[in-house]
Amino acid sequence: MDPGVCNRAHMLVCRLWTAVSRALFAEFLATGLYVFFGVGSVLRWPSALPSVLQIAITFNLATATAVQVTWKASGAHANPAVTLAFLVGSHISLPRAVAYVAAQLAGATVGAALLYGVTPGDIRGTLGINMVYFTGCSMNPARSFGPAVIIGKFTVHWIFWVGPLTGAVLASLIYNFILFPDTKTLAQRLAILMGTTEVEKVGVEPQKKEPQSSSGDAEMGSHYAAQAGLELAILPPQPSE
């Protein structure tokens, strides 16, 4: 075999591995930060119990931080439900989606473990695990998963998977196939699903180039708006007095 072809193939594999590993670490980091700071805001701090407003602000600031740090590397999903919505809409391949979810769950577990380790026992309590009052207010399965693993309590845990994932599938179907349907064929969708083609090159009409700064800022702004809108409703149950 031509040495030049081997070198090019090796370089391609190295670049692919670098990109994938960077994206997975970004998802790991984003979800870990989100769980550490978000769940930390619902604990029984002795100075004053957190209010619903304080919890909401903390979760959204954690989301903003995670998005700002990692959105260029992975898209900053930081939520298995978001990743599933991307998968249903043919915006991500199945192998990448599975890897993202694994990284998110690992990050959530590490974030919860760090929070558990640095918080006194009388404050951490049950580490903010989601419980049903009405719904537990969790639309991020990773946020529910991390504390549940560390505490070892999975009572009604399935609710916090079935609910968010079902909602994500329905929302993605409505958005991608009814409100804003694209021109991807079934063959193209299958190719994206299996990871044999690039999402960006499928069904995209040529567009005029815009200045890099404005387009990048717009993309990040729209992504954060979507994430913030989602996480605003993720208010963990307020600690009882």
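Predicted model: local features only at pLDDT ≥ 70, side-chain atom pairs only at ≥ 80, totals over all residues.
I started with tyrosine 175, which comes out partly exposed, at a relative accessible area of 46%.

Next I looked up phenylalanine 180, and it counts as exposed, with 53% relative accessibility.

Then the aromatic pairs. I searched the whole structure and got five of them. In one, the rings of phenylalanine 36 and phenylalanine 37 have centres 5.0 Å apart and planes at 85°, so I logged the pair as edge-to-face. The planes are over 60 degrees apart, which is why that label applies.

Arginine 124 lies over the face of tyrosine 116, 3.8 Å from the ring centre.

Last entry, the nonpolar cores. Which residues have the most contacts inside the largest one? I found Tyr34, Val35, Val39, Val42, Leu43, Phe59 and Leu115, in a core of 15 residues. The elements giving it two or more residues are α1 (3-40), α2 (52-74) and α4 (94-118). I noted that α4 supplies the largest share, four residues. Another core lies apart from that one and has five residues, including Leu87, Ile92, Ala97 and Tyr100. As a reminder to myself, nonpolar side chains tend to be buried together in soluble globular proteins.

Terms used:
Residues numbered from 1 in each chain as written. Heavy atoms only, no water. Phe/Tyr/Trp six-rings, centres within 6.5 Å; stacked < 30°, edge-to-face > 60°. Buried < 20%, exposed > 50% of the residue type's maximum accessible area, 1.4 Å probe, protein only. Lys NZ or Arg CZ within 6 Å of the ring centre and 35° of its normal. Core = buried A, V, L, I, M, F, W, Y, C linked by side-chain atoms within 4.5 Å.
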